[in-house]
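User: I am new to this structure and would like to learn how to read its features. Could we go through them one by one?

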Amino acid sequence: MEKTYPMTLEGKDKLEKELEHLIMVKRPEIVERIKIARSFGDLSENSEYESAKDEQAFVEGRITTIENMIRFAQIIDNGNVAKDEVALGRTVSFIELPDGEEEEYIIVGSAEADPFSGKISNDSPIARALLGKKLGDEVVISTPGGNMTVKIQKIS
């Protein structure tokens with residue numbers, strides 16, 4: 001069975017745009033860099049050539065990865081999930097008990113995760129503990145630094 005990649009429609013669109021950019025812009029740029037570097041002669045000591053080949057390998061790998069993620073994308077539909085339940089694609093706010101600050105995260109598929117912009121993977125310890133819980137629930141989240149108890153404040 002193929003691995004599926006749960007994601008929002010927005011996440012899939014973002015991947016499709018990145019893929020198009022890699023194929024239409026980055027790939028031709030790298031081919032051109034390789035062509036220019038080849039014209040410098042001896043490839044054994046040509047750092048520009050090596051650099052371009054390394055970037056080419058990275059870009060081709062990323063293209064393959066994105067193509068797979070798009071091909072096996074599973075678009076999240078929360079239509080049948082209660083409005084007060086934490087689910088993929090939802091934003092959840094909670095406070096750490098007894099007296100922590102409020103934190104807010106959007107729970108997304110691993111393909112879209114970007115912790116620095118508040119998007120956490122459904123595979124992360126925080127998301128796994130929160131998924132399926134309801135507004136007002138107190139939830140124990142086990143993290144590498146120990147357990148923390150949070151209270152769900154808002155789900156949207």
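User: Which residues line the largest pocket?

Analyst: Please bear in mind that this is a predicted model. The lining of the largest pocket consists of Glu10, Gly11, Lys14, Leu15, Glu18, Arg62, Ala111, Glu112, Ala113, Asp114 and Lys119. By class, seven of these residues are charged, three are nonpolar and one is polar. The pocket has a volume of about 190 Å³.

User: How many residues does the largest nonpolar core have, and which have the most contacts inside it?

Analyst: This core has 17 residues, and Leu130 and Ile141 have the most contacts inside it. Two or more residues come from each of strand 3 (91–96), strand 4 (102–108), helix 3 (125–130), strand 6 (138–143) and strand 7 (146–155). Beyond its neighbours within four places in sequence, leucine 130 is in contact with Val86, Val92, Phe94, Val139, Ile141, Val150 and Ile152. There is also a second, separate core of 15 residues, which includes Leu15, Tyr49, Ala52 and Val59.

User: Is alanine 52 buried or exposed?

Analyst: The relative accessible area decides this, and buried means under 20%. Alanine 52 has a value of 0%, so this residue is buried. Alanine 52 belongs to helix 2 (residues 47–71). Apart from neighbours within four places in sequence, alanine 52 is in contact with Ile30, Arg33 and Ile34.

Note on methods:
Residues numbered from 1 in each chain as written. Predicted model: local features only at pLDDT ≥ 70, side-chain atom pairs only at ≥ 80, totals over all residues. Heavy atoms only, no water. 1 Å grid on protein atoms, 1.4 Å probe; cavity = no way out; pocket = protein on both sides within 12 Å on 5 of 7 lines; lining within 4 Å. Points joined across faces, edges and corners; volume = space filled by probe spheres on them. Nonpolar A, V, L, I, M, F, W, Y, C, P; charged D, E, K, R; others polar. Core = buried A, V, L, I, M, F, W, Y, C linked by side-chain atoms within 4.5 Å. Buried < 20%, exposed > 50% of the residue type's maximum accessible area, 1.4 Å probe, protein only. Helix = DSSP H or I, 4+ residues; strand = E, 2+ residues; numbered from the N terminus. Contact = heavy atoms within 4.5 Å.
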